[in-house]
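Here is a short walk through one protein chain. Keep the sequence and the 3D view side by side as you read.

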Amino acid sequence: MKWFIDLFTNHGTVAFTVLVYAIVIASGVLLGKLSFKGVSFGIAFVLFTGILAGHLGFKIDTEIIEFLRDFGLILFVYTMGLQVGPGFFASLQKQGLKFNLLAVMCVMLSIAVVVAIFFITKIPMPALVGIMSGAVTNTPGLGAATQTLKDIADAHPGVVATPMGTFYALAYPGGVLGIILCMIVFKRIYKINIEKENQLFIQKNMEKTPRPGTINLIVKNPSIYGKPVKTLFDTLHTKFVVSRIYQNNQVAQATKSTVLQEDDVIMVVAQPNDFDRLKTIVGKESNMDLSKMNGPLVAKKVRITKAEAYSHSLAYLDPLKNYGVMISRISRAGIEFIASGDSRLQFGDIVTAIGEERQVEELIKDFGDSEKKLREPHVAGLFFGITIGVIFGSIPFAIPGLSVPVKLGLAGGPLIIAILISRFAGFLPITPYISQSANYMVREIGIVLFLASVGLKAGPDFVQTLTSAQGPLYLLLGISITLIPLVITALVSRLVYKLNYLEICGLLAGASTDPPALSFSTQMTGSDAPAIAYAGVYPLTMFLRILLPQLLLLLFL
């Protein structure tokens with residue numbers, strides 16, 4: 001049995017490190033599933049099993065902990081960015097300004113609370129910055145503030161570089177618990193029905209960005225008789241596709257050069273809010289449904305999996321000229337939109353192809369539709385994107401008056417790059433596609449590594465700091481910095497801006513740059529809506545959470 005005892009006592013081995021992480025993560029995930037009156041902490045409980053293991057003396061080398069913590073965070077934010085990226089820009093256009101203003105309000109309220117505490121209690125600002133970083137669960141902000149304090153201490157020998165990490169560790173659990181409890185209590189007070197909120201969110205987003213629909217129109221406008229279909233596009237400056245035409249008692253494919261005649265019936269793919277304008281230009285709606293009429297045309301869903309197809313625009317591929325097939329719609333990450341010449345296909349896109357059976361089969365042969373390729377892991381694309389993200393996050397941005405350049409760090413950089421890659425990957429020689437199940441797996445591995453590492457590092461000093469003379473005061477201050485901004489922001493979001501509960505959860509998690517809270521909210525709601533709101537406010541919030549602690553040190557030391 002000596003070998004077994006050595007396995008758990010020899011702290012310098014790889015086996016010991018793997019065992020500790022495995023036990024912390026497995027026990028944390030299992031305990032997180034336990035619920036009390038319908039409430040459970042989910043995957044966030046890994047943080048507390050990590051703290052317990054650290055307190056009990058399971059010591060891991062600091063450099064290993066920091067590597068696994070940062071690497072886990074990178075995996076989490078990058079895969080999350082890939083998942084929410086396609087919907088991020090649409091969300092930003094619709095209500096991004098409102099969300100970011102609310103997030104900025106939450107950040108500034110945190111700063112206001114810290115400044116008020118500073119003047120009331122006279123606690124040194126470095127300690128308060130450490131508490132604030134833990135209270136809002138912002139590790140990059142703590143890192144930037146630590147470097148700033150070191151530079152200030154080097155330049156001014158009288159300044160002591162207070163170890164802020166201890167204060168951060170004390171406040172961090174309260175930061176995680178605070179936001180989760182805020183979500184739970186808010187749900188109870190307002191008697192939120194998660195299923196109903198999900199339905200309202202889907203309905204609201206369908207109204208603002210409806211899925212393309214089809215309408216069959218009878219040509220009754222004399223001004224377009226004898227004119228090509230192209231005339232409709234020149235008149236109505238919006239995105240739509242004329243896919244089929246009933247002419248001379250048969251259904252045929254419509255092209256821009258097809259000449260329109262009186263009483264022709266055309267099938268148009270467009271946004272529903274453009275239907276009335278189309279009726280005005282073309283004519284009244286027809287009872288005929290060209291998609292169901294017998295004819296030579298078929299419509300098939302084709303998954304893009306071949307390099308010859310993705311990373312190119314439809315104008316370049318010209319499927320109508322090369323195959324006699326029209327692409328009417330593109331579906332990407334669950335979002336469907338109307339195809340146009342400048343639409344660039346990406347790996348994993350689903351396109352609606354309309355043409356004769358033989359022609360569509362030819363297109364499928366060249367465009368892909370390979371289930372095997374969809375199941376293949378695109379590891380190179382994943383790590384190439386992470387590489388760009390880490391480089392981008394390491395770029396220093398010099399701010400006048402700050403001795404340390406601001407960086408987006410290992411969280412902000414990969415997240416922003418993932419969002420950009422998921423939207424504009426057609427311009428890059430990489431494949432960002434990750435299946436939903438693979439994305440979820442990598443994301444969960446990343447967050448549990450992050451939580452376990454934070455807990456293991458905080459564990460040894462947590463109880464000592466908590467039981468010190470000022471420990472309870474520090475804990476109370478941390479909870480205040482966590483809750484006051486969150487409660488005010490949640491109330492303003494719901495009562496003034498009438499935001500959906502799912503959006504509020506994502507907003508609060510993003511304003512606190514809190515991955516565990518995001519993970520909890522997505523598990524609780526069973527929706528990606530919190531992640532979309534989180535991604536919408538995260539970049540600006542992260543920048544402020546990194547910049548403002550440095551400003552506090554420079555202004556109040």
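This is a predicted model: local features need pLDDT of at least 70, side-chain atom pairs count only at pLDDT 80 or more; totals for chains, interfaces and linings use all residues.

Residues are numbered from 1 along each chain as its sequence is written, and side-chain values use heavy atoms, without hydrogens and water.

Start with the whole chain. It has 21 helices and 8 strands. These are DSSP runs numbered from the N terminus: helices are H or I with at least four residues, strands are E with at least two. Of the 557 residues, 52% are buried. Buried means under 20% relative accessible area, exposed over 50%, and partly exposed in between (1.4 Å probe, protein chains only). Now take contacts, meaning heavy atoms within 4.5 Å. Among those between residues at least 6 apart in sequence, 80% join residues at least 24 apart.

Next, find S453. It sits in helix α17, residues 436-466. Its relative accessible area is 0%, so S453 counts as buried. Beyond its neighbours within four places in sequence, S453 contacts Y21, I65, L68 and R69.

Now turn to backbone angles. Most residues other than glycine have a negative phi. N248 is not a glycine, yet its phi is positive, about 55 degrees. N248 lies in the loop between β2 (240-247) and β3 (250-253). T513 also is not a glycine and has a positive phi, near 45 degrees. Its place is the loop between α19 (501-511) and α20 (515-525).

Are these two residues buried or exposed? N248 is exposed, at 68% relative accessible area. T513 is buried, at 3% relative accessibility.
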